[in-house]
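Welcome, and thanks for taking a look at this one with us. Please have the sequence and the model open as you read.

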Amino acid sequence: AVTSFPTCDRPWTAEGRKSETMSPSVLAAHARPIPIARSVASPTRCPRCPRATRGAHRRWRTIAGALETVEWAKMTPEEREEQAMDMVIRLATTINAYEDVAFTSKSTNMGTYVYEKLDAIPEEFRPRLMDELSDVGLVNCWYIAGLLYKVKFQEREAGGALDISSDLEDYQERLDATVEQAAANGADFSLDESAADDDDYADDEDGRAAKAGRGAALVASAAGVQVFEGRAANVPGGPFVNMFQKVFYPSPKDVGVWFGRVVLKKPGFVEKYLPLYFRTNDTVERFVKVPATAEDADLLLDYQNPPYLESDMPPAMRYPSRRTPGAGAGAVWWPEPKLAIPPFDTLVDYLRPLGPGVYAGRGWRDGGRGDEFLTFILFRRYDAPPVEE
């Protein structure tokens with residue numbers, strides 16, 4: 001006997017995809033979540049409040065890599081990279097073979113399992129997973145991330161936020177704290193790579209590398225934007241056309257709303273003609289639904305009504321270049337906004353958290369009510385390390 005679940009995510013077997021049904025054995029394989037150890041709540045900025053306000057009702061936050069902090073600290077850089085890559089490859093193997101794993105992990109919610117495994121990998125190495133995922137594995141990420149919505153709301157709150165809104169807010173606070181700390185230390189910078197102060201570093205190779213790293217982090221922090229590297233599944237042409245960036249920044253006027261654009265990594269005339277700006281829903285709304293499928297998601301990116309005014313652009317954007325600063329090729333160009341052309345003119349993307357700074361996404365046409373467009377994954381670029389208290 002097969003039970004029908006018309007409002008759930010599609011099952012992951014070939015037979016299930018054809019029948020749009022889910023067998024009891026598959027359902028049972030994901031029924032019991034694994035609680036994730038996280039820190040206690042931290043009174044940080046709430047999206048309901050102005051940016052300068054700190055409130056105790058801020059959502060629970062996660063601490064990336066908290067489970068293995070001591071072990072990572074004892075490793076050399078080479079050992080750290082080797083261990084991280086081993087974890088990345090093992091996780092990619094699990095995700096790529098998820099159709100088989102789904103029938104054997106009867107006591108494991110794969111959504112919390114993958115989130116925990118990504119949390120344990122140092123964030124600078126998490127983007128390496130993008131290269132190890134097959135197209136099938138990348139599509140699997142959408143369904144795996146959907147299993148987090150099977151965890152009871154109270155358990156998600158108790159175990160950690162596990163939501164995109166808090167993840168974006170936490171990293172934005174890191175960028176702010178980096179700039180504030182530099183200002184408190186008397187750093188004299190003008191948003192370029194020479195931003196780091198010279199006194200703290202020896203004049204040797206390691207010292208120069210540390211200085212350059214600190215300068216790049218400070219430049220990225222002062223830019224105030226979050227850059228995510230992305231890859232789409234099943235796009236003809238491979239890496240020549242399926243790689244892109246999505247860049248987020250908090251709306252200068254609407255608290256709880258994020259603006260941004262898709263960087264297609266194409267010649268300038270293409271980017272100018274197709275800037276692909278988006279705005280999100282108000283993140284005070286905990287979850288959103290995909291109209292076409294009734295699937296759950298955390299965040300939607302609406303390309304139908306992009307920010308138009310100059311006052312909507314990132315505060316750190318320079319004129320006349322219309323770029324936010326970045327070290328090397330890290331600067332982001334913000335062309336003049338315009339309506340998107342087909343097939344992007346009615347596109348809405350929906351995002352789910354797969355791990356800290358890692359989101360699974362899928363787009364639909366006709367404002368989310370039409371045909372499925374693309375499935376993709378996003379990894380936040382590691383521009384600024386955590387600020388030491």
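The report below goes through conventions, a helix, aromatic pairs, loops and a surface patch.

## Conventions

This is a predicted model, in which local features need pLDDT of at least 70, side-chain atom pairs count only at pLDDT 80 or more, and totals for chains, interfaces and linings use all residues. Residues are numbered from 1 along each chain as its sequence is written, and side-chain values use heavy atoms, with hydrogens and water left out.

Helices (H or I, at least four residues) and strands (E, at least two) are DSSP runs, numbered from the N terminus. Buried stands for under 20% relative accessible area, exposed for over 50%, and partly exposed for what lies in between (1.4 Å probe, protein chains only).

## Helix H4

Helix H4 covers residues 77-96, and its 20 residues should span 28 Å at 1.5 Å a residue; the end C-alpha atoms are 28 Å apart, so the two agree. The expected span is 1.5 Å times one less than the number of residues.

The buried residues in H4 include Ala84, Val88, Leu91 and Ile95. Met85, Met87, Ala92 and Thr94 are buried in H4 as well. An α-helix has 3.6 residues a turn, so residues three or four places apart point the same way.

## Aromatic pairs

The whole structure holds twelve aromatic pairs. Tyr277 and Trp334 form one that is tilted, at 6.2 Å centre to centre and 35° between the planes. This pair links distant parts of the chain, 57 residues apart: Tyr277 is in strand S4, and Trp334 is in the loop between strand S9 (332-333) and strand S10 (348-355). For these pairs, rings of Phe, Tyr and Trp (its six-membered ring) must have centres within 6.5 Å; planes under 30 degrees apart count as stacked, over 60 as edge-to-face and the rest as tilted.

Both partners are buried: Tyr277 has 2% relative accessibility, and Trp334 has 0%. Elsewhere, ring pairs join Phe228, Phe248, Phe278, Tyr303 and Tyr359 into a cluster.

## A buried threonine

Thr283 sits in the loop between strand S4 (277-280) and strand S5 (288-289). With a relative accessible area of 2%, Thr283 is buried.

The side chain of Thr283 makes a polar contact of 3.5 Å with that of Ser165. Such a contact is a pair of N or O atoms within 3.5 Å; within protein, one must be able to donate a hydrogen and the other to accept it, and residues adjacent in sequence count only if both atoms are side-chain atoms.

## Backbone details in the loops

Two peptide bonds deserve a look. The bond from Tyr319 to Pro320 is cis, with omega near 0°, and Pro320 belongs to the loop between S7 and S8. Pro342 and Pro343 are also joined by a cis peptide bond, with omega about 5°; Pro343 is in the loop between S9 and S10.

Where does phi of a residue other than glycine take a positive value near 60°? That is Lys265, in the loop between strand S3 (258-263) and helix H12 (268-273); Lys265 is partly exposed at 44% relative accessible area. Arg322 has a positive phi too, near 55°. Arg322 lies in the loop between S7 and S8 and is buried, with a relative accessible area of 11%.

## A nonpolar patch

Tyr308 lies in the loop between strand S7 (299-302) and strand S8 (323-324), and at 39% relative accessibility Tyr308 is partly exposed. Together with Leu309 and Leu339, Tyr308 makes a nonpolar surface patch of about 310 Å².

Technical notes: Patches are made of residues with over 30% relative accessible area and no salt bridge: like charges are joined within 9 Å, nonpolar side chains (Val, Leu, Ile, Met, Phe, Trp, Tyr) within 5 Å. Accessible areas come from the Shrake-Rupley method with a 1.4 Å probe; for residues, only the protein chains shown count as cover. A salt bridge is a side-chain nitrogen of Lys or Arg within 4 Å of a carboxyl oxygen of Asp or Glu.
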